[in-house]
Amino acid sequence: MRLKRLADLKKPAQREIPLADLPHEIRITPFAREKAYTINKLVRAIHGQSYEWYGFTLAWRRQPEVIVDIGLPVNEKNQDQYVSLAPDQIAAFREALPKAMLINGWIHSHGDLALQHFSRVDAANQATVLDYVTAQLWLPVAKVEVAIQDLVCLEEGRWTEADLRPGSVTLITDVPVRTARLWETEYGGFCFAIVIGDDGWHDQEIHYKKRGILSGRTFVSHQSANMRLVPDGRQLTPSDREELEEAVRTRLSPVPYIPAKLEGL
Ligand SMILES: [Zn+2]
């Protein structure tokens with residue numbers, strides 16, 4: 001028997017029907033953006049020099065794709081490298097949030113560092129935040145056909161345990177069935193990541209995670225994204241600024257840069 005061309009042996013592509021779209025740009029209110037850069041200024045004013053800090057980007061639960069505020073958790077001191085995020089830190093911060101709000105990502109500053117992009121350390125932190133944040137933002141994004149080899153169809157009341165041995169998946173139905181197709185819901189979530197610097201620069205990415213409810217197939221991806229300002233009328237007031245000063249004073253611990261150790265980060 002002659003083999004067909006290899007290309008002909010490929011399995012047909014899985015069919016997929018989109019149900020919802022995850023964000024492709026980062027929308028942020030002027031209030032939240034100003035707050036982020038104000039933290040940078042306050043760090044220099046209060047602690048005498050620049051250093052890295054991180055915070056969470058916050059959204060209203062009813063509109064999770066718009067950043068409306070920045071939350072500043074207690075940043076742990078770490079002399080060797082940029083502070084690392086742990087799930088329990090994220091959970092503790094979330095517990096203190098009003099019910100109507102959720103964390104939709106994280107933001108951190110490189111202060112006056114020359115590195116105006118995400119670093120490898122950032123990528124490790126990102127994985128932690130992504131797991132946590134997507135768990136809060138899970139929504140059905142697609143219906144995907146599950147390719148099943150050796151599907152066995154049995155009829156209710158007319159099978160024995162021995163009938164369950166063959167096949168990779170067994171479907172038991174109340175009427176005789178010869179073929180069946182199975183579609184699973186794919187759930188997806190996103191997480192924003194923003195890095196800023198003292199000079200006013202910023203870089204940002206959106207991270208995605210998708211998982212098939214039946215197959216458990218998980219996909220993680222990320223892409224660069226534009227940041228778009230969406231005014232909501234809120235201004236940073238003198239009392240907001242006072243509150244922020246107090247947070248910068250009490251929740252951040254100065255960690256001076258040690259340039260030699262930042263190599264390769
Ligand atoms: Zn970084």
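Two strands are taken to pair if DSSP finds at least two bridges between them. Strands (E, at least two residues) and helices (H or I, at least four) are DSSP runs, numbered from the N terminus. This is a predicted model, in which local features need pLDDT of at least 70 and side-chain atom pairs count only at pLDDT 80 or more, while totals for chains, interfaces and linings use all residues. Residues are numbered from 1 along each chain as its sequence is written.

Strand E6 covers residues 101-109. E6 runs antiparallel to E3, joined by 8 bridges, and Trp-60 lies opposite Met-101 of E6. With strand E10 (residues 182-196), E6 pairs in the parallel sense over 5 bridges; here Ile-107 faces Ile-194 of E10. Of the 9 residues of E6, 7 are buried, so the strand is largely enclosed by the rest of the structure.

Beyond neighbours within four places in sequence, the contacts of Gly-55 include Ile-70, Pro-73, Trp-106 and Ile-107 (contact: C-beta atoms, placed from the backbone, within 7 Å). Gly-105 is 50 residues away in sequence, with a C-alpha to C-alpha distance of 8.9 Å from Gly-55.

**View C. The open sheet of 3 strands, in the order E4-E2-E13.**
Its pairing is parallel. E4 (66-67) and E13 (227-229) are edge strands with a single partner each, so one side of each has no neighbour in the sheet. E2 (residues 26-28) and E13 pair over 3 bridges, with Ile-26 opposite Met-227 in E13.

How values were computed:
Contact = placed C-beta atoms within 7 Å. Buried ≥ 20, exposed ≤ 12 C-beta atoms within 10 Å, placed from the backbone.
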